[in-house]
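I set out to record how the pieces of this structure pack together. My entries follow in the order in which I looked things up.

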Amino acid sequence: MNEIEAQSRLVATWAQIEDAIFSQLNSGISDPLQQALVIVPSVGHGRKLSQKIATQNGFGICSGIDFVTLHSFKRKLYEAVSYTHLTL
């Protein structure tokens, strides 16, 4: 079964959000094939964060990060639990 590591931070400004996400993603993911999951308020926020990460990393690329809305995240969890329940 996959292990999930979750972290949360309380921030007050958009710049603090960007800095927190960028520093967390720069610390590295233990499994290079595992995507980082970032829950965002809207698709536009996810796009803005991906563009910011792409400009900050020096390569102009933002990959290996899945930006999802809370609604999409809940749907993914429900589907995962339903699938697991059906296969047992």
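I first looked up the buried residues of helix 1 (buried: under 20% relative accessible area, 1.4 Å probe, protein chains only) and found E18, A20, I21 and F22. I noted that the model is predicted, that local features need pLDDT of at least 70 and side-chain atom pairs pLDDT 80 or more, while totals for chains, interfaces and linings use all residues. Residues are numbered from 1 along each chain as its sequence is written, and side-chain values use heavy atoms, without hydrogens and water.

Helices (H or I, at least four residues) and strands (E, at least two) are DSSP runs, numbered from the N terminus. The buried residues of helix 1 pack against strand 1 (36-40) and helix 2 (43-56); contact means heavy atoms within 4.5 Å.

I then turned to L49. Beyond its neighbours within four places in sequence, L49 is in contact with W14, I17, E18, I21, V40 and F67.

Last, I examined the two helices together. Residues of helix 1, including D19 and L25, meet residues of helix 2, among them H45 and Q56. Helix 1 passes helix 2 in a right-handed crossing.

Key: Buried means under 20% relative accessible area, exposed over 50%, partly exposed in between (1.4 Å probe, protein chains only). A crossing is left-handed if the near helix is turned anticlockwise from the far one by less than a right angle, and right-handed if clockwise.
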